[in-house]
Amino acid sequence: MVYRNENGEIRLDYLRFLPFIDEMLKECKNGKELEWLNSEIIEILEARYEEFAERIGENYEKNL
């Protein structure tokens, strides 16, 4: 889903990523469940982002 192109730039392969997201969203039966799922996904992404940002450390700051 995520790869580096020939120039070394990070890219997201949407064609492989969207079916994964679609399958999760299909489980929602109403707006409340959709909002809940959205909130959960964002919470997980933010937590993982923080973890990886700490791992990258100084190099992370340099690449901003």
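A residue is called buried under 20% relative accessible area, exposed over 50%, and partly exposed in between (1.4 Å probe, protein chains only). The model is predicted: local features need pLDDT of at least 70, side-chain atom pairs count only at pLDDT 80 or more, and totals for chains, interfaces and linings use all residues. Residues are numbered from 1 along each chain as its sequence is written, and side-chain values use heavy atoms, with hydrogens and water left out.

**Salt bridges**

- A salt bridge here is a side-chain nitrogen of Lys or Arg within 4 Å of a carboxyl oxygen of Asp or Glu, and the count by this rule is five.
- Asp 13 pairs with Arg 16 at 3.6 Å, N to O; Asp 13 is partly exposed at 22%, while Arg 16 is exposed at 60%.
- Glu 23 and Lys 26 form a salt bridge with their closest N and O atoms 3.1 Å apart.
- These two residues, Lys 26 and Glu 23, sit three residues apart in helix α1 (residues 14-26), so about one helical turn separates them.
- Lys 26 is exposed at 60%, and Glu 23 is partly exposed at 46%.

**Helix α2**

- Helices are DSSP runs (H or I, at least four residues), numbered from the N terminus.
- Glu 51 and Arg 55, four residues apart in helix α2, form a salt bridge at 2.7 Å between the closest N and O atoms.
- Glu 51 is partly exposed at 28%, whereas Arg 55 is exposed at 57%.
- A network of salt bridges links Arg 48, Glu 51 and Arg 55.
- Glu 50 also belongs to helix α2 (residues 31-56) and is partly exposed at 49%.
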